[in-house]
Amino acid sequence: MLERHTAGSRMDESVKWANLKGHEIARLLGHEGIEVSVTVIDYIFEETQLS
């Protein structure tokens with residue numbers, strides 16, 4: 001789902017980002033039958049940035 005909305009660094013392949021906001025990701029997941037809150041999406045992003 002995020003493949004079309006993901007970009008990355010040319011210098012470091014491990015650095016990637018999405019051009020979607022949390023509420024947009026939650027909406028797209030909802031279309032796939034996966035109900036998740038924006039709070040959970042934000043938490044996941046915060047945790048991944050710390051890694």
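1. Let's start with D12, which is partly exposed, with a relative accessible area of 35%. Here "buried" means under 20% relative accessible area, "exposed" means over 50%, and "partly exposed" is in between (1.4 Å probe, protein chains only). D12 sits in the loop between β1 (6–8) and β2. Between its C-alpha atom and that of H23 there are 28 Å, although the two residues are eleven residues apart along the chain.

2. A word on what you are looking at: this is a predicted model, where local features need pLDDT of at least 70, side-chain atom pairs count only at pLDDT 80 or more, and totals for chains, interfaces and linings use all residues. Residues are numbered from 1 along each chain as its sequence is written, and side-chain values use heavy atoms, with hydrogens and water left out.

3. Now the overall plan. The protein has two helices and two strands, and from the N terminus on they follow the order β-β-α-α. Helices (H or I, at least four residues) and strands (E, at least two) are DSSP runs, numbered from the N terminus. Along the principal axes, the C-alpha atoms fill a box of roughly 35 × 25 × 15 Å. Of the 51 residues, 14% are buried.

4. Next, have a look at I44 in helix α2 (residues 38–50). I44 is partly exposed, at 47% relative accessible area.

5. Which residues line the largest pocket? They are L2, T6, K16, W17, A18, L20, F45, T48 and Q49. The elements giving two or more residues to this lining are β2 (16–18) and α2. A pocket is an open set of points on a 1 Å grid where a 1.4 Å probe fits, with protein on both sides within 12 Å along at least five of seven lines; lining residues have an atom within 4 Å of a point. The largest pocket has a volume of about 250 Å³, a volume being the space filled by probe spheres set on the points.
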